[in-house]
Amino acid sequence: MSEKPVLTIALSKGRILEQTLPLLEFADLMPREDVQTTRKLMVDGPDDWAGSKIRFLIIRAADVCTYVEKGAADLGISGRDLLLESKPNVYEPLDLKIGQCRLCICGPKDAVESGKSAAVGGRVRVATKYDNLAAQYYRKQGLHADVIHLYGSMELAPLVGLADRIVDVVETGNTLKANGLIEETTLFDISSRLIANPASFVTKKTQVQAVISKLREAVVDREMERNK
Ligand code: ATP
Ligand code: PRP
(Lines give C-alpha, C1' and ligand atoms only; values in the text may rest on other atoms or scores of the structure.)
(Ligands and ions follow the chains in the order given, each with its own letter.)
Protein backbone atom coordinates (compact mmCIF):
# COMPACT_ATOMS: atom_id res chain seq x y z
CA MET A 1 0.00 0.00 0.00
CA SER A 2 1.39 3.45 -0.89
CA GLU A 3 2.04 6.08 1.79
CA LYS A 4 -0.59 8.81 2.14
CA PRO A 5 0.45 12.28 0.94
CA VAL A 6 1.32 14.71 3.72
CA LEU A 7 -0.36 18.11 3.94
CA THR A 8 1.59 20.59 6.06
CA ILE A 9 -0.17 23.51 7.72
CA ALA A 10 1.81 26.34 9.39
CA LEU A 11 0.11 27.84 12.43
CA SER A 12 1.06 31.19 13.98
CA LYS A 13 2.08 30.96 17.62
CA GLY A 14 0.81 33.68 19.90
CA ARG A 15 -2.53 35.34 19.94
CA ILE A 16 -3.94 33.92 16.69
CA LEU A 17 -3.38 30.33 17.80
CA GLU A 18 -6.05 30.39 20.48
CA GLN A 19 -8.63 31.61 17.96
CA THR A 20 -7.46 29.17 15.29
CA LEU A 21 -8.05 26.04 17.38
CA PRO A 22 -11.88 26.17 17.42
CA LEU A 23 -11.87 26.49 13.61
CA LEU A 24 -9.58 23.45 13.32
CA GLU A 25 -11.75 21.56 15.77
CA PHE A 26 -14.87 22.26 13.68
CA ALA A 27 -13.00 20.92 10.65
CA ASP A 28 -11.83 17.76 12.49
CA LEU A 29 -8.32 19.01 11.88
CA MET A 30 -7.03 19.02 15.43
CA PRO A 31 -3.33 18.66 16.27
CA ARG A 32 -2.72 15.52 18.34
CA GLU A 33 -0.92 17.47 21.08
CA ASP A 34 -1.68 20.68 22.92
CA VAL A 35 0.05 23.16 20.63
CA GLN A 36 -0.31 25.94 23.19
CA THR A 37 1.95 24.16 25.66
CA THR A 38 4.16 21.71 23.75
CA ARG A 39 7.76 22.66 22.96
CA LYS A 40 7.53 20.59 19.77
CA LEU A 41 7.50 22.70 16.64
CA MET A 42 6.10 19.99 14.35
CA VAL A 43 2.98 18.21 15.56
CA ASP A 44 0.97 15.46 13.90
CA GLY A 45 -2.68 15.95 13.02
CA PRO A 46 -5.18 13.40 11.70
CA ASP A 47 -3.65 10.41 9.90
CA ASP A 48 -6.29 10.30 7.23
CA TRP A 49 -8.00 13.58 6.46
CA ALA A 50 -9.51 13.65 2.95
CA GLY A 51 -6.87 11.09 1.99
CA SER A 52 -3.92 12.99 3.50
CA LYS A 53 -1.83 12.81 6.61
CA ILE A 54 -1.89 16.23 8.27
CA ARG A 55 1.02 17.81 10.11
CA PHE A 56 1.28 21.20 11.72
CA LEU A 57 4.22 23.57 12.11
CA ILE A 58 3.99 25.85 15.13
CA ILE A 59 5.98 28.96 14.29
CA ARG A 60 6.22 32.69 14.89
CA ALA A 61 3.52 34.70 13.14
CA ALA A 62 6.07 36.62 11.07
CA ASP A 63 7.61 33.38 9.72
CA VAL A 64 4.43 31.72 8.40
CA CYS A 65 4.55 33.56 5.04
CA THR A 66 8.11 32.40 4.47
CA TYR A 67 7.35 28.72 5.14
CA VAL A 68 4.33 28.80 2.82
CA GLU A 69 5.97 30.84 0.06
CA LYS A 70 8.98 28.50 -0.04
CA GLY A 71 6.78 25.38 0.01
CA ALA A 72 7.95 24.11 3.42
CA ALA A 73 4.25 24.30 4.32
CA ASP A 74 1.35 23.84 1.91
CA LEU A 75 -1.01 26.05 3.87
CA GLY A 76 -0.67 28.58 6.66
CA ILE A 77 -2.52 31.06 8.80
CA SER A 78 -1.22 34.61 8.79
CA GLY A 79 -2.37 38.10 9.74
CA ARG A 80 -3.23 40.33 6.78
CA ASP A 81 -0.87 42.95 8.24
CA LEU A 82 2.09 40.63 7.67
CA LEU A 83 0.90 39.74 4.16
CA LEU A 84 0.56 43.42 3.21
CA GLU A 85 3.98 44.19 4.65
CA SER A 86 5.97 41.38 3.04
CA LYS A 87 3.86 40.69 -0.09
CA PRO A 88 4.77 36.99 -0.29
CA ASN A 89 4.00 34.99 -3.41
CA VAL A 90 1.13 32.99 -1.89
CA TYR A 91 -2.58 32.56 -2.53
CA GLU A 92 -5.00 33.93 0.02
CA PRO A 93 -8.16 31.86 -0.44
CA LEU A 94 -10.00 32.52 2.83
CA ASP A 95 -10.60 35.26 5.40
CA LEU A 96 -10.77 33.42 8.72
CA LYS A 97 -12.22 36.48 10.47
CA ILE A 98 -10.06 35.97 13.56
CA GLY A 99 -7.30 38.26 14.84
CA GLN A 100 -9.44 41.21 13.88
CA CYS A 101 -7.86 44.59 14.39
CA ARG A 102 -6.76 47.58 12.29
CA LEU A 103 -3.40 48.90 11.21
CA CYS A 104 -3.11 52.54 12.18
CA ILE A 105 -0.88 55.56 12.33
CA CYS A 106 -0.93 56.73 15.93
CA GLY A 107 0.67 59.56 17.84
CA PRO A 108 0.61 61.51 21.09
CA LYS A 109 -2.95 62.75 21.82
CA ASP A 110 -2.04 66.47 21.94
CA ALA A 111 0.05 66.34 18.77
CA VAL A 112 -2.62 64.48 16.78
CA GLU A 113 -5.48 66.65 18.06
CA SER A 114 -3.60 69.84 17.18
CA GLY A 115 -3.94 68.71 13.55
CA LYS A 116 -0.38 69.84 12.86
CA SER A 117 1.72 67.62 10.58
CA ALA A 118 4.30 65.49 12.35
CA ALA A 119 6.76 66.29 9.56
CA VAL A 120 9.85 68.41 10.09
CA GLY A 121 11.57 69.39 6.84
CA GLY A 122 9.41 66.84 5.00
CA ARG A 123 10.50 63.95 7.26
CA VAL A 124 8.60 62.02 9.93
CA ARG A 125 10.21 59.67 12.47
CA VAL A 126 8.06 56.54 12.55
CA ALA A 127 8.52 53.57 14.89
CA THR A 128 7.08 50.34 13.52
CA LYS A 129 7.63 46.73 12.52
CA TYR A 130 5.78 47.52 9.26
CA ASP A 131 8.66 49.37 7.60
CA ASN A 132 7.37 49.05 4.03
CA LEU A 133 3.79 50.05 4.80
CA ALA A 134 4.95 53.04 6.83
CA ALA A 135 7.34 54.24 4.13
CA GLN A 136 4.70 53.71 1.44
CA TYR A 137 2.03 55.69 3.35
CA TYR A 138 4.27 58.69 3.94
CA ARG A 139 5.62 58.58 0.38
CA LYS A 140 2.03 58.98 -0.85
CA GLN A 141 1.72 62.03 1.42
CA GLY A 142 4.83 63.48 -0.23
CA LEU A 143 6.85 62.92 2.95
CA HIS A 144 9.86 60.81 3.86
CA ALA A 145 9.49 58.34 6.73
CA ASP A 146 12.60 57.86 8.83
CA VAL A 147 11.63 54.35 9.88
CA ILE A 148 12.80 53.13 13.28
CA HIS A 149 12.32 49.38 13.22
CA LEU A 150 11.09 47.93 16.52
CA TYR A 151 9.94 44.40 17.35
CA GLY A 152 7.19 45.29 19.86
CA SER A 153 5.93 47.79 22.45
CA MET A 154 5.85 50.43 19.72
CA GLU A 155 3.68 52.68 21.90
CA LEU A 156 6.71 53.53 24.01
CA ALA A 157 8.64 55.21 21.20
CA PRO A 158 6.79 58.57 21.13
CA LEU A 159 6.81 58.76 24.94
CA VAL A 160 10.59 58.85 25.08
CA GLY A 161 11.13 60.98 21.98
CA LEU A 162 12.31 58.11 19.80
CA ALA A 163 9.60 58.72 17.19
CA ASP A 164 6.83 61.18 16.29
CA ARG A 165 4.38 58.51 15.13
CA ILE A 166 3.96 54.74 15.26
CA VAL A 167 2.41 52.36 12.74
CA ASP A 168 0.91 49.41 14.61
CA VAL A 169 -2.18 47.27 15.00
CA VAL A 170 -4.95 48.46 17.30
CA GLU A 171 -7.75 46.28 18.61
CA THR A 172 -9.41 47.62 21.79
CA GLY A 173 -7.32 50.81 21.86
CA ASN A 174 -6.33 50.04 25.47
CA THR A 175 -2.58 50.08 24.81
CA LEU A 176 -2.81 53.43 23.04
CA LYS A 177 -4.92 54.91 25.83
CA ALA A 178 -2.62 53.65 28.57
CA ASN A 179 0.26 55.43 26.87
CA GLY A 180 -1.44 58.73 25.98
CA LEU A 181 -1.65 58.02 22.25
CA ILE A 182 -4.55 58.16 19.80
CA GLU A 183 -5.19 56.98 16.25
CA GLU A 184 -4.48 59.50 13.52
CA THR A 185 -5.30 57.40 10.44
CA THR A 186 -6.53 53.88 9.80
CA LEU A 187 -4.54 52.28 7.00
CA PHE A 188 -6.12 48.80 6.73
CA ASP A 189 -8.66 46.54 8.41
CA ILE A 190 -6.86 43.38 9.49
CA SER A 191 -7.89 39.78 10.05
CA SER A 192 -6.11 36.45 9.71
CA ARG A 193 -6.07 34.70 6.36
CA LEU A 194 -5.62 31.12 5.22
CA ILE A 195 -2.73 31.22 2.76
CA ALA A 196 -1.59 28.57 0.29
CA ASN A 197 1.58 27.78 -1.58
CA PRO A 198 0.79 28.27 -5.30
CA ALA A 199 2.37 24.94 -6.33
CA SER A 200 0.52 23.00 -3.59
CA PHE A 201 -2.66 24.64 -4.80
CA VAL A 202 -2.21 22.72 -8.05
CA THR A 203 -0.39 19.53 -7.02
CA LYS A 204 -2.49 18.91 -3.88
CA LYS A 205 -5.63 20.50 -5.28
CA THR A 206 -8.17 18.06 -3.78
CA GLN A 207 -6.77 18.19 -0.25
CA VAL A 208 -6.14 21.95 -0.30
CA GLN A 209 -9.67 22.61 -1.58
CA ALA A 210 -11.07 20.30 1.10
CA VAL A 211 -9.31 22.29 3.84
CA ILE A 212 -10.51 25.59 2.36
CA SER A 213 -14.11 24.47 2.15
CA LYS A 214 -14.17 22.90 5.62
CA LEU A 215 -12.59 25.99 7.20
CA ARG A 216 -15.02 28.19 5.26
CA GLU A 217 -17.87 26.27 6.91
CA ALA A 218 -16.16 26.75 10.29
CA VAL A 219 -15.93 30.52 9.73
CA VAL A 220 -19.62 30.73 8.77
CA ASP A 221 -20.57 28.66 11.82
CA ARG A 222 -18.50 30.89 14.12
CA GLU A 223 -20.04 34.04 12.65
CA MET A 224 -23.54 32.61 13.17
CA GLU A 225 -22.72 31.76 16.80
CA ARG A 226 -21.33 35.26 17.35
CA ASN A 227 -24.42 36.92 15.87
CA LYS A 228 -26.89 34.87 17.95
P1 ATP B 1 5.83 37.81 17.98
O2 ATP B 1 5.06 37.74 19.29
O3 ATP B 1 6.22 36.48 17.47
O4 ATP B 1 6.89 38.85 17.98
P5 ATP B 1 3.64 39.21 16.83
O6 ATP B 1 3.62 40.27 17.92
O7 ATP B 1 3.51 39.70 15.42
O8 ATP B 1 4.90 38.29 16.85
P9 ATP B 1 1.14 38.30 17.68
O10 ATP B 1 1.05 39.43 18.66
O11 ATP B 1 0.75 36.94 18.09
O12 ATP B 1 2.55 38.14 17.09
O13 ATP B 1 0.28 38.78 16.44
C14 ATP B 1 0.04 37.93 15.36
C15 ATP B 1 -1.01 38.56 14.51
O16 ATP B 1 -2.18 38.78 15.29
C17 ATP B 1 -0.66 39.91 13.93
O18 ATP B 1 0.06 39.77 12.73
C19 ATP B 1 -2.02 40.54 13.71
O20 ATP B 1 -2.58 40.10 12.48
C21 ATP B 1 -2.83 39.97 14.86
N22 ATP B 1 -2.84 40.86 16.04
C23 ATP B 1 -1.80 41.42 16.65
N24 ATP B 1 -2.18 42.17 17.70
C25 ATP B 1 -3.50 42.05 17.74
C26 ATP B 1 -4.47 42.57 18.61
N27 ATP B 1 -4.19 43.36 19.61
N28 ATP B 1 -5.74 42.22 18.38
C29 ATP B 1 -6.07 41.40 17.37
N30 ATP B 1 -5.18 40.88 16.49
C31 ATP B 1 -3.91 41.21 16.70
C1 PRP C 1 -0.37 44.31 20.05
C2 PRP C 1 -0.09 45.58 19.27
C3 PRP C 1 -0.53 46.66 20.22
C4 PRP C 1 -1.67 45.98 20.98
C5 PRP C 1 -2.97 46.52 20.47
O6 PRP C 1 0.67 44.14 20.95
O7 PRP C 1 1.28 45.67 18.90
O8 PRP C 1 0.49 47.02 21.11
O9 PRP C 1 -1.60 44.58 20.71
O10 PRP C 1 -4.06 45.91 21.12
P11 PRP C 1 -5.13 46.79 21.90
O12 PRP C 1 -5.59 47.87 20.97
O13 PRP C 1 -6.23 45.83 22.22
O14 PRP C 1 -4.48 47.35 23.13
P15 PRP C 1 1.02 42.78 21.66
O16 PRP C 1 0.11 42.58 22.82
O17 PRP C 1 1.04 41.68 20.65
O18 PRP C 1 2.47 43.06 22.19
P19 PRP C 1 3.78 43.55 21.41
O20 PRP C 1 3.76 45.04 21.45
O21 PRP C 1 4.89 42.97 22.18
O22 PRP C 1 3.70 43.01 19.98
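Modeller: Let us begin with one contact: a backbone N or O atom of Gly173 lies 2.8 Å from an oxygen atom of ligand 2. This is a predicted model, in which local features need pLDDT of at least 70, side-chain atom pairs count only at pLDDT 80 or more, and totals for chains, interfaces and linings use all residues. Residues are numbered from 1 along each chain as its sequence is written, chains are lettered from A and ligands numbered from 1 in the order in which they are written, and side-chain values use heavy atoms, with hydrogens and water left out.

Colleague: Which polar backbone atom is 2.8 Å from an oxygen atom of ligand 2, and which side chain has an N or O atom 2.6 Å from such an oxygen?

Modeller: A polar contact is a pair of N or O atoms within 3.5 Å. The backbone atom belongs to Glu171, and the side chain is that of Arg15. Taken alone, ligand 2 exposes 490 Å², of which the protein buries 71% (Shrake-Rupley method, 1.4 Å probe).

Colleague: Which elements supply at least two residues each to the shell around ligand 2?

Modeller: Helices (at least four residues) and strands (at least two) are DSSP runs, numbered from the N terminus. Here the elements are strand E9 (165–170) and helix H7 (174–178); E9 gives the largest share, three residues. By class, the shell has two nonpolar, six polar and four charged residues, with Gly counted among the polar ones.

Colleague: Which residues come nearest to ligand 1?

Modeller: A residue is near a molecule if one of its heavy atoms lies within 4 Å of it. Of the 16 residues around ligand 1, Arg15, Arg60, Asp81, Lys129 and Glu171 come nearest. A polar side-chain atom of Arg60 lies 2.7 Å from an oxygen atom of ligand 1, and one of Asp81 also lies 2.7 Å from an oxygen atom of this ligand. For Arg15, a polar backbone atom is 3.1 Å from a ligand 1 oxygen. Ligand 1 taken alone exposes 610 Å², and the protein buries 79% of that.

Colleague: Why does ligand 1 lie between domain 1 and domain 2?

Modeller: Domain bounds come from an automatic or database domain assignment. Ligand 1 lies between domain 1 (6–99 + 191–226) and domain 2 (101–190) because both give residues to its shell. That shell divides into six nonpolar, four polar and six charged residues.

Note on methods
A polar contact is a pair of N or O atoms within 3.5 Å; within protein, one must be able to donate a hydrogen and the other to accept it, and residues adjacent in sequence count only if both atoms are side-chain atoms.
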